[in-house]
Amino acid sequence: MNKHITTLKTRELCAEKGGCGECQTSCQSACKTSCGVANQPCEAAKSDE
Amino acid sequence: MTHIYKFGERNVVLDCNSGAIHACNDVASSIIALRERHDAHRTLTLTLEQFPGADPSELAEILAEVESLAASGLLYAPEPDAVKLAPDGSGVVKALCLNVSHACNLTCEYCFAHQATDEDSLMSVDVGVAAIDFLIRNSGTRRNLEVDFFGGEPLLNLDVVKRVVAYAREAERNRGKNFRFTLTTNGLLLDDAFAEFANAELANVVLSLDGRREVHDRFRCGSYDAVAPKIQRFVEARGARQYYIRGTFTRANTDFTEDLLHMRSLGLRKLSMEPVVCGDSAPYALRECDVPSVVAEYERLVSLLDGADWDFYHYNLDLENGPCLKKRVTGCGSGTEYLAVTPDGALYPCHQFVGDPEYAMGNVFDGVTRPELRDRFACRNVLTLPDCAECWARLWCAGGCAANSLHASGDIEGSYTLGCTLFKKRLECAIALKLATA
């Protein structure tokens, strides 16, 4: 635990080489115009829950 | 690469390549910024110049934390490996937007969707079934397949929607696939029978409502009184199942938070509000001069959502279980794994390209007949787009919308700079909300 810098727990991206491709296509979820993937859930992570 | 910004009293540090998020005070924020460009000794010297009253031992503590985070890959992480993350060119398709009806019972002034009024405007069952077969045939090892019923207004062709769903359900059992259906509607034809069907078969329903009566009626043909009660009833019957209220804001309602609050007052909780997409010449188009008021609304939303019982689509970050690096690089998959299908079976890169002959890709019977177009979309990603190279948000926006880029710059590899500005602000706000509620 750092004293001066608080770090949120996030998915570590650096080690990743690929993906399973099973996740939702982002434009299917709601936006239809503005794309972006930041709020898209990972299917593999959902399956692990 | 790091992105450091202040939200309220909090300094937020986003490590762009690792996705790590840190919060700290002004001194630590300064040290993080300086250490990215200077060695440790120079960093401390410059920090003391900037904060002459700072305690040197505390600065050393902070610097040690920075070095530890860097060693753990949570600060100054290296660039993603472009070679390993490059699209494989396999031609796998996993999602279709089925424009089952190019007819619509509204003629909303700002609508980007392709519309027609002739008898060919409704998709036949044969084309819908062929689309499902095309999707399965090209899905490779993907198990989860998605189909969005879109238009026009898809409920004008509900019988075909039901028959296509029934065909896909039969096919998924035989072919080891899992179909997830969504439908986007203007709400005019919602009724209890559709709600029953939707609750049984549709993973998500997107309902168009712009908010306050006068805002909704301005562009949506005065349909508020007809639509709002039906949407309320539908959402009530929806229970815990997924839905989204999708509003559009224009320069006529840059105070769109009021529209979100109005939606909430109607008992609606899953809310989305999108910037209008249209040509620059439209009187309601967002302009650079509108950005400050839109930014202020996004910031206001953060304070309203802290502890609220409703959510805003763009602020729903799942930091631990969010998208993988591959998805962050390749984005929405338009033109590759996501295609749009017109009522007569023609294929386009996505619903926003429908009707543009330059982007016609083939049809559901013969498949993709212009693989070079698919390859061009596959190569359009954040590791190749020139304007994304130095952008701190690129692994969160995934290169943005190809159609928006085309409309704004004339080129799918170009940029929609106003859209980029708004996306980055939404992301800063979403992260700030996460920190506020952590």
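How do the residues of the lining of the second largest cavity divide into nonpolar, polar and charged? Point 4 gives the reply, after the basis of the model and its larger spaces.

1. Basis. This is a predicted model, in which local features need pLDDT of at least 70 and side-chain atom pairs count only at pLDDT 80 or more, while totals for chains, interfaces and linings use all residues. Residues are numbered from 1 along each chain as its sequence is written, chains are lettered from A and ligands numbered from 1 in the order in which they are written, and side-chain values use heavy atoms, with hydrogens and water left out.

2. The largest pocket. About 640 Å³ of space lies in the largest pocket. Its lining comprises 39 residues, and R142(B), K326(B), T330(B), T336(B) and E337(B) are the closest to its centre. Helix α13(B) gives the most to this lining, with 4 residues; α12 (325–330) of chain B also supplies at least two. By class, the lining has 14 nonpolar, 13 polar and 12 charged residues. (A pocket is an open set of points on a 1 Å grid over the protein atoms alone, with protein on both sides within 12 Å along at least five of seven lines; a cavity is a set of points where a 1.4 Å probe fits but cannot get out; lining residues have an atom within 4 Å of a point.) Grid points are joined across faces, edges and corners, and a volume is the space filled by probe spheres set on the points.

3. The largest cavity. The structure holds 3 cavities of 30 Å³ or more, and the largest has a volume of about 380 Å³. It is lined by 27 residues, with C111(B), F112(B), F150(B), S208(B) and R220(B) closest to its centre. Strands β5 (144–151), β6 (178–185) and β8 (243–249) of chain B are the elements that give two or more residues to this lining. (Helices, H or I of at least four residues, and strands, E of at least two, are DSSP runs numbered from the N terminus.)

4. The second largest cavity. This cavity holds about 80 Å³ of space. Among its 11 lining residues, A38(A), N39(A), H314(B), L317(B) and F423(B) lie nearest the centre. The lining divides into 7 nonpolar, 3 polar and 1 charged. (Ala, Val, Leu, Ile, Met, Phe, Trp, Tyr, Cys and Pro count as nonpolar, Asp, Glu, Lys and Arg as charged, and the others, Gly among them, as polar.)

5. The interface. In chain B, 78 residues are in contact (heavy atoms within 4.5 Å) with 44 residues of chain A. The area buried between the two chains is about 5,200 Å², of which carbon and sulfur atoms give 55%. (Buried area is the accessible area, with a 1.4 Å probe, that two parts lose on being put together, summed over both.) E65(B), Y313(B) and K327(B) supply 12% of the area that chain B buries against chain A, more than any other three residues. The interface has 2 salt bridges (a side-chain nitrogen of Lys or Arg within 4 Å of a carboxyl oxygen of Asp or Glu). K3(A) forms a salt bridge with E61(B), the closest N and O atoms being 3.2 Å apart.

6. Buried helix residues. E297(B) lies in helix α11 (residues 291–305) of chain B and is buried, with a relative accessible area of 10%. (Buried means under 20% relative accessible area, exposed over 50%, partly exposed in between, with a 1.4 Å probe and protein chains only.) In helix α15 (residues 402–409) of chain B, the buried residues include A402(B) and L406(B), and their cover includes α13 (371–378) of chain B.
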